Every structure is written in structure tokens, then in C-alpha cells.
Amino acid sequence: MNILQIVSGGIAAYKAIDLTSQLVKQGHNVKVILTNNAKQFVTELPFQTLTKNKVYTDTFTELNEEEIQHIDLGKWADKIIVAPATANLISKFANGLADDLASSLMLAVRNFNKVFIFPAMNTAMYENPIIQENIKQLSRLGFNLIEPASGLLACGDVGKGKFPSTDTIISSVIFESNNEFLDKTVLITAGPTKEFIDPFRCFTNPSSGKMGIALANECARRGAKVILVTGVDTKPQHPNIVVEKIVSTQDMYNVVKNNFLDCDIIIKAAAVSDYTPIEVFDKKVKKQDGDLSIKLKRTPDILKYVGENKRDNQIVIGFAAETNSLLEYAMEKIEKKHLDYIVANDISKNDIGFGSDNNEVYIIDKNKNVRKIEKSSKESIAKEILNTIR
């Protein structure tokens with residue numbers, strides 16, 4: 001495959017060298033564009049050595065006199081990877097500016113679907129409403145925008161904006177699907193629910209919603225219309241995603257019940273509360289001497305309701321987050337709740353599951369066939385789950 005790699009001027013530019021190396025090792029023909037700002041962080045030599053191709057840096061320096069490089073490079077490329085993509089370069093693309101080779105080339109690209117943009121920057125910059133609007137604009141136009149990872153950033157802040165792993169980038173680009181879910185509607189639940197005791201206290205769990213959000217993004221990228229039901233604050237990465245905000249398990253049940261029959265696939269990735277207080281106080285419960293007892297009642301079993309009431313041609317996928325007897329409980333759950341698939345993961349492990357960017361899961365179908373997915377990013381696991389059910 002012919003891959004054009006655009007490297008812009010962020011601290012993560014040095015990581016683009018490993019990306020180039022891995023792409024070449026997989027047999028792809030890679031050409032690289034370095035922006036002027038990228039050259040403040042990396043040089044041309046490692047990219048030229050790895051790719052055995054000249055590195056492009058300037059609009060007016062034509063390395064091949066037989067081509068107009070800002071036109072012909074875009075035509076040559078089967079896929080274009082922009083990694084890292086800075087706030088500056090994203091803004092140029094979104095607003096049609098063309099003051100360097102990378103931005104001029106992007107104006108000459110006819111098929112935006114072959115462009116994969118990986119933002120990497122400080123969290124405040126990434127969440128800036130101007131940048132978010134520019135990201136949405138590129139998504140609406142058909143560019144593939146891949147959400148950055150979260151964690152410790154080069155500046156010392158902690159948050160969203162990390163350059164994703166090389167495996168995540170390659171998985172997003174090389175194994176990109178071609179609208180296989182077009183004309184399908186997918187309902188996905190994600191994150192925790194909250195069951196309030198009073199206006200300030202609630203029962204909940206540490207689920208981040210990352211797995212469900214990764215599934216929503218992947219479904220949308222494959223052409224599906226997605227209804228994402230969640231209490232997590234998330235900004236849709238794709239125009240095909242509609243977010244239905246909820247708080248409690250009852251809220252989630254109501255939204256799912258009202259929408260699931262109109263959907264082709266239902267993925268229940270949320271970590272819902274099984275119990276809720278019988279009495280909810282309208283004022284803060286004050287501290288008293290002695291113990292406090294709170295009576296609880298069962299919440300609706302959303303997954304069981306969907307499994308028992310689904311149409312014949314619907315696919316229902318549940319999740320089993322367990323601390324022990326993982327496969328045993330998952331097998332029991334898939335049968336009891338009338339599921340087509342269940343995804344089981346061990347939440348007792350600190351480096352996977354709740355709150356982590358990674359996971360390790362078993363995908364089990366209704367015939368009890370088991371497939372293990374070794375530890376990898378939740379984006380990669382989302383792809384594997386969808387590849388299993390297609």
C-alpha cells in the first residue's frame with residue numbers, strides 16, 4: 001500500500017519515526033512530509049533512511065521535476081496519515097488554508113475518507129471549542145479523526161491529548177473498513193450509572209465509558225448511525241453519533257426501551273447499578289452518631305429485557321465484568337439473558353478494564369465458542385468485537 005505520512009510540529013513528532021518503521025516493516029511504501037515546525041523536533045534523515053524515499057518539506061522544492069508534488073503525492077497515496085496532527089494543522093485543514101506543502105496538498109485531495117488524522121496536543125488546546133469545531137468540521141467532510149489517548153502529557157498535565165500507540169494508529173488505518181455497517185443503526189450503552197441518595201451522594205462505579213465510546217466511534221466509522229446512551233461527558237467524534245445523556249439505571253432503561261426495537265445491533269457495554277435507594281432525600285443527609293442504614297431495591301435489568309424482547313434479526317451483545325470465575329459467569333449470562341454475544345473481562349486486574357486505555361477480553365457467542373483478545377487498546381478491541389459479529 002502507498003502511504004503518505006504527514007508529520008507536524010508537536011513534541012510527539014519523534015514517535016512518528018517508530019510509526020514509519022513499523023509501516024515499512026509491514027511492506028508498505030511510505031513517503032513522508034515534514035512541516036517546517038516538525039523540523040524543530042525531528043530531522044529528515046531517519047525518515048529517509050527508513051523509507052528509502054526522499055522526504056518532502058517545501059511546496060516549491062520539487063524533488064521530482066516530472067510531478068507537481070502537492071497534487072501528485074495526494075493522488076499517489078492510498079492512505080494519508082497525519083500524525084501527530086497539531087492544533088495549527090487541524091485548523092488549516094478545516095478552514096482551507098494552504099500556506100505550506102501539507103495544507104496545500106490537503107486541498108487537492110478528492111477522497112477525504114483516505115485521510116486519517118491523529119490529534120496530539122495539550123488537553124486545554126484539544127478541548128478548546130475552536131479546535132473542537134474544526135475537528136467536527138473535518139469529520140463532517142469525511143476525514144477520519146481518531147481521538148487521542150489520555151494520560152500524562154509532555155507538559156506535565158494529565159488528560160486527553162496523548163499521541164496514540166503505533167499499534168492503534170496502524171490498526172485504525174490499515175484495517176479500516178468500507179462502510180460495512182452502512183444503513184445499520186446501533187444502540188450502545190457506556191459508562192456508569194449513578195443512583196443518588198441525596199443531592200450530593202450516590203452509588204456508582206469507576207467505569208470510564210471508554211470501551212463503549214470506542215465501540216460507538218468504530219461503528220460510526222463503518223457507516224452506522226449510532227445512539228450512544230451514557231452519563232459520561234463525551235463529545236461525538238463522528239457526525240453519525242447521537243448522544244443520549246442519562247444519570248440513573250432507570251434513565252438508561254427508559255432510553256433503551258424506547259429505541260432498541262428500531263436498531264439492528266444493541267451493545268450493552270455500560271456498568272449499571274443493580275440496586276438503587278428506595279428513598280431519595282431532597283436535602284443533604286447530615287452526619288449522625290452511630291451507623292446509617294439505606295434500604296435498596298433492584299433496578300431494571302436492561303440487558304435481560306432487551307434479550308427477551310429483541311426481534312429475530314437483531315444482534316444483542318452484552319458485557320460481563322467479573323473479578324472471578326470469568327468464563328463461567330459469562331456463559332451463564334449469555335444463556336440467561338438470551339444474548340447473541342458476550343464480551344467478558346476481568347476487572348480485578350489493575351492494568352486493564354475500568355479506567356484503563358487497554359483491555360483483555362473473551363468474546364463468546366451463543367454457541368459457546370470462545371475467542372480471546374490479548375491485552376490491547378480499547379480501540380483495537382472495539383474493532384475485533386465488530387469484526388466478530390459482521
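User: Hi! In what sense do β1 and strand β2 pair, parallel or antiparallel?
Analyst: Hello! This is a predicted model, and in it β1 (residues 2-7) and β2 (residues 29-34) pair in the parallel sense, over six bridges.

User: How does the chain cross from β1 to β2?
Analyst: The path goes through helix α1, residues 15-25, and this β-α-β crossover is right-handed.

User: Is β1 mostly covered or mostly open?
Analyst: Mostly covered: five of its six residues are buried.

User: And what about β1 and strand β3, how many bridges there?
Analyst: Four bridges, again in the parallel sense, with β3 spanning residues 79-85. One of the pairs joins Q5 to I81 in β3.

User: OK, zooming out. What is the order of the strands in the sheet?
Analyst: The order is β2-β1-β3-β4-β5, an open sheet of five strands with parallel pairing. β2 and β5 (144-145) are at the edges with a single partner strand each, so one side of each has no neighbour in the sheet.

User: Switching to helices: which strands does α1 lie across?
Analyst: α1 lies across β1, β2 and β3, and runs at about 175° to β1. Helix α3 (residues 69-76) also packs on the sheet, where α3 touches β1 and β2. The direction of α3 makes about 145° with that of β2.

Definitions and conventions:
Residues numbered from 1 in each chain as written. Predicted model: local features only at pLDDT ≥ 70, side-chain atom pairs only at ≥ 80, totals over all residues. Heavy atoms only, no water. Buried < 20%, exposed > 50% of the residue type's maximum accessible area, 1.4 Å probe, protein only. Helix = DSSP H or I, 4+ residues; strand = E, 2+ residues; numbered from the N terminus. Pairing = 2+ DSSP bridges. Right-handed = clockwise from strand over helix to strand, strands pointing away. Contact = heavy atoms within 4.5 Å. Axes fitted to C-alpha atoms, helices over the stretch in contact; angles between N-to-C directions.
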